[in-house]
Amino acid sequence: MDAIVKNFPAGQKQARPTQQEAEEAVRLLLRWAGDDPTREGLLDTPKRVAAAYRELFSGYEQTPEEILGRTFEEVAGYDDMVLVRDIPFFSHCEHHMVPIIGKAHVAYLPKGRVLGLSKIARVVDVYGRRLQTQEAMTAQIAQAIQGVLQPRGVAVMIDAEHMCMSMRGIQKQGSTTLTTTFTGAFQDNAAEQARFLTMIRR
């Protein structure tokens, strides 16, 4: 899928900018916004913003394969749906670099192996902590779990508010966007899709 972003700096033609270059870019934006980066309240802002960006976009430093690598086979024959719902996340719109805030619901149908439940939330964070579109993020989570775990199917729903709609442009606060992706048995069986959708709303 074209929207899947490889780890930085893999695939990049230029080396990652230095901390000093990042801070200078922030100073330039402060001046462009109309403020004075040399005034007292903004003196340390470039350093703080660079540190915040390193944390906010730490998903580029991680791979879902590493997170999902350890699985468990002692499941006493369990093969029904595993669902982790209401996973809170934040991301940033790749078009305006403003926040996306929402919840993810992720389910899979095991085929002999299961994941530690925290791994699912961590995969959501890996893709959330990158510049994103909600559509791509939904597909990426499903494809990562399907590709590594090879379950009978994966279902993902994301419900999120986009600050690019709330803070700017049309400025419609409180509106949310729903996206879904289904693989395997979830894609092929409408009853499994319906069961997933029913369970996340209980």
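Ring pairs join Phe182, Phe186 and Phe196 into a cluster. This is a predicted model, so keep that in mind throughout. How is a pair of aromatic rings described? By the distance of the centres and the angle of the planes.

Take phenylalanine 186 and phenylalanine 196. Their rings are edge-to-face, with 6.1 Å from centre to centre and 65° between the planes. Phenylalanine 186 belongs to helix α7, residues 184-188, and phenylalanine 196 to helix α8, residues 190-199, so this pair ties together parts that are 10 residues apart in sequence. Buried or exposed, phenylalanine 186? Its relative accessible area is 0%, so phenylalanine 186 is buried. Phenylalanine 196 is buried too, because its relative accessible area is likewise 0%.

The count of aromatic pairs comes to three. One of them is formed by tyrosine 53 and phenylalanine 57, again edge-to-face, at 5.1 Å centre to centre and 85° between the planes. Here the two partners need separate descriptions. Tyrosine 53 has 37% relative accessibility, so it counts as partly exposed. Phenylalanine 57 has 10%, which means it counts as buried.

Now the sheet. Which order do the five strands take? The order is β5-β2-β3-β6-β7, the sheet is open, and the pairing is mixed. At the edges stand β5, residues 131-132, and β7, residues 177-182; each has a single partner strand, so one side of each is left without a neighbour in the sheet.

Look at β2 from both sides. With β5, β2 pairs in the parallel sense over two bridges. Histidine 92 has leucine 131 of β5 as its bridge partner, and cysteine 93 is opposite glutamine 132 in β5. With β3, β2 pairs in the antiparallel sense over nine bridges. On that side, phenylalanine 89 is opposite glycine 102 in β3. The hairpin of β2 and β3 has five residues between the strands, and methionine 97 there takes a positive phi near 60°.

A helix goes with this sheet. α5 lies across β2, β3, β5, β6 and β7, and runs at about 155° to β6.

As one example, take isoleucine 141. Setting aside neighbours within four places in sequence, isoleucine 141 is in contact with Val106, Val123, Val124, Tyr127, Val156 and Ile158.

Methods: Residues numbered from 1 in each chain as written. Predicted model: local features only at pLDDT ≥ 70, side-chain atom pairs only at ≥ 80, totals over all residues. Heavy atoms only, no water. Contact = heavy atoms within 4.5 Å. Pairing = 2+ DSSP bridges. Helix = DSSP H or I, 4+ residues; strand = E, 2+ residues; numbered from the N terminus. Axes fitted to C-alpha atoms, helices over the stretch in contact; angles between N-to-C directions. Phe/Tyr/Trp six-rings, centres within 6.5 Å; stacked < 30°, edge-to-face > 60°. Buried < 20%, exposed > 50% of the residue type's maximum accessible area, 1.4 Å probe, protein only.
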